[in-house]
Amino acid sequence: GAKALFSYFGRCQALLQRGKYVDDYTSQNPSLTVTDDNQLQWTHRIDGDADIYFVANPLDSAITTTVAIDAIDRLPEIWYPETGETTVAEAWHKSDDKTLVTMQLNEHESLFIILRKSDKSDGPGLTLPVVEKVGSMAVTGSWQLNFPEGWGAPESVVFDSLTPWDENSDSGIKYFSGTAKYVKTINIENIDAEARYMLDLGTVKNLAMVYVNGQLAANLWKKPFRCDITDLLNEGDNLLEIEVTNLWPNRMIGDEQWPDDIEWNLPPSYNSNSPMVGALIKSVPDWLRLGEPRPEQNRKTVVSFKFFGKNSPLLPSGLLGPVNIDIEK
């Protein structure tokens with residue numbers, strides 16, 4: 001599930017290590033200015049004849065913003081580090097000695113503006129295409145949830161509605177950490193050939209791999225947990241599978257419900273009435289070193305430092321929704 005995140009890091013660093021850094025922030029005349037009030041963050045590098053601008057939306061909401069760059073007669077390209085897609089900016093034009101580019105960025109989205117190719121045109125203008133939502137389908141009802149073997153959760157269970165794993169009465173689900181698969185069949189009677197069908201998962205804790213009719217639609221690792229599934233849909237029944245991966249704390253907190261089978265050096269602040277959070281492992285236990293069965297088989301993790309106690313708060317986990325299919329034109 002984290003592969004897409006690390007691919008994003010790799011693409012960003014492939015560009016952010018090129019050329020040399022330009023210190024625009026101490027300059028009275030920075031080479032890029034934001035023409036509206038949006039709190040866009042950015043940095044600038046020069047690599048030969050190419051200008052590289054990395055821009056990011058730090059807000060919890062989507063923005064539309066226009067930037068003015070000190071450059072003319074070069075084509076502004078948009079490079080998307082999440083996907084590796086590159087394209088010419090949809091909305092830009094040349095004004096005096098500046099190139100103006102209008103962009104839409106989702107919450108916490110980042111992208112690169114690259115100026116490297118000669119272009120003496122004035123551009124198409126600053127108007128972006130308007131996407132209109134013409135309908136929405138709520139994906140409600142029950143889901144089958146499949147858990148991997150060996151982590152304490154049931155092999156398969158049906159959720160009547162989307163609820164957090166950490167609130168489940170089954171301790172195997174409550175303390176589960178890892179990847180579980182949500183499975184559901186949805187019916188779409190008529191598909192509009194002129195529309196795009198966007199699956200919106202709502203809230204996900206923390207990563208989601210989306211499959212439609214057995215084919216990968218998206219690997220989603222940040223808000224908005226949303227993807228285009230148009231080309232994978234059939235009229236009639238469609239199999240929707242969502243693999244959701246959460247974080248490790250819940251499993252480690254679950255382990256603390258059981259007797260310990262590792263010896264620990266007591267933390268400096270330890271007293272008999274407090275948990276041993278902060279303790280360091282004394283040594284690798286013989287059963288682990290020799291590959292023998294674990295004494296306390298209800299425990300699933302081994303750590304060298306105690307991060308959590310049995311009463312540490314659990315993290316919200318799973319597909320929380322609401323799930324909708326938005327129809328756009």
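1. A residue counts as buried when its relative accessible area is under 20%. With that cut-off in hand, we can start with one glycine. Gly172 has a relative accessibility of 6%, so it falls on the buried side. Please keep in mind throughout that this is a predicted model.

2. Where does Gly172 lie? Its place is in helix α2, which covers residues 171-174. Which residues does Gly172 touch once its neighbours within four places in sequence are left aside? The contacts are Gly152 and Ala153. For Ala153, the C-alpha atom is separated from that of Gly172 by 4.0 Å, although the two residues are 19 apart along the chain.

3. Now for the whole chain. Its secondary structure consists of 24 strands and four helices. The radius of gyration is 25 Å, whereas the globule rule gives 20 Å for 329 residues; the chain value is well over that, so the chain is more spread out than a compact globule. Among contacts between residues at least 6 apart in sequence, 74% join residues at least 24 apart. Of the 329 residues, 43% count as buried. The accessible surface comes to about 17,600 Å², and carbon and sulfur atoms account for 49% of it.

4. A word on charge. How many positive and negative side chains does the chain have? There are 29 positive and 47 negative ones, and the centres of these two sets lie 6 Å apart.

5. The structure holds zero disulfides. Is Cys12 buried or exposed? Its relative accessibility is 5%, so Cys12 counts as buried. Cys227 is buried as well, because its relative accessible area is 6%, below the cut-off of 20%.

6. Most peptide bonds are trans, and most residues other than glycine have a negative phi. Pro224 sits in the loop that runs between β18 (215-220) and β19 (226-228). Another cis peptide bond joins Gly321 to Pro322, with omega near 0°. Pro322 belongs to the loop between β23 (318-321) and β24 (324-328).

7. Asp73 has a phi near 60°, which is positive in a residue other than glycine. You will find Asp73 in the loop between β5 (63-69) and β6 (74-79). With a relative accessible area of 24%, Asp73 is partly exposed. Asp96 also is not a glycine, yet its phi is positive, at about 55°. The loop between β8 (91-95) and β9 (98-105) holds Asp96. At 73% relative accessibility, Asp96 counts as exposed, since exposed means over 50%.

Note on methods:
Residues are numbered from 1 along each chain as its sequence is written. This is a predicted model: local features need pLDDT of at least 70, side-chain atom pairs count only at pLDDT 80 or more; totals for chains, interfaces and linings use all residues. Side-chain values use heavy atoms; hydrogens and water are left out. Helices (H or I, at least four residues) and strands (E, at least two) are DSSP runs, numbered from the N terminus. The radius of gyration is taken over C-alpha atoms; the globule rule is 2.2 Å times the number of residues to the power 0.38. Buried means under 20% relative accessible area, exposed over 50%, partly exposed in between (1.4 Å probe, protein chains only). Contact means heavy atoms within 4.5 Å. Accessible areas come from the Shrake-Rupley method with a 1.4 Å probe; for residues, only the protein chains shown count as cover. Lys and Arg count as positive and Asp and Glu as negative; His and the chain ends are not counted. The place of a charge is taken as NZ of Lys, CZ of Arg, CG of Asp or CD of Glu. A disulfide is a pair of cysteine sulfur atoms within 2.5 Å.
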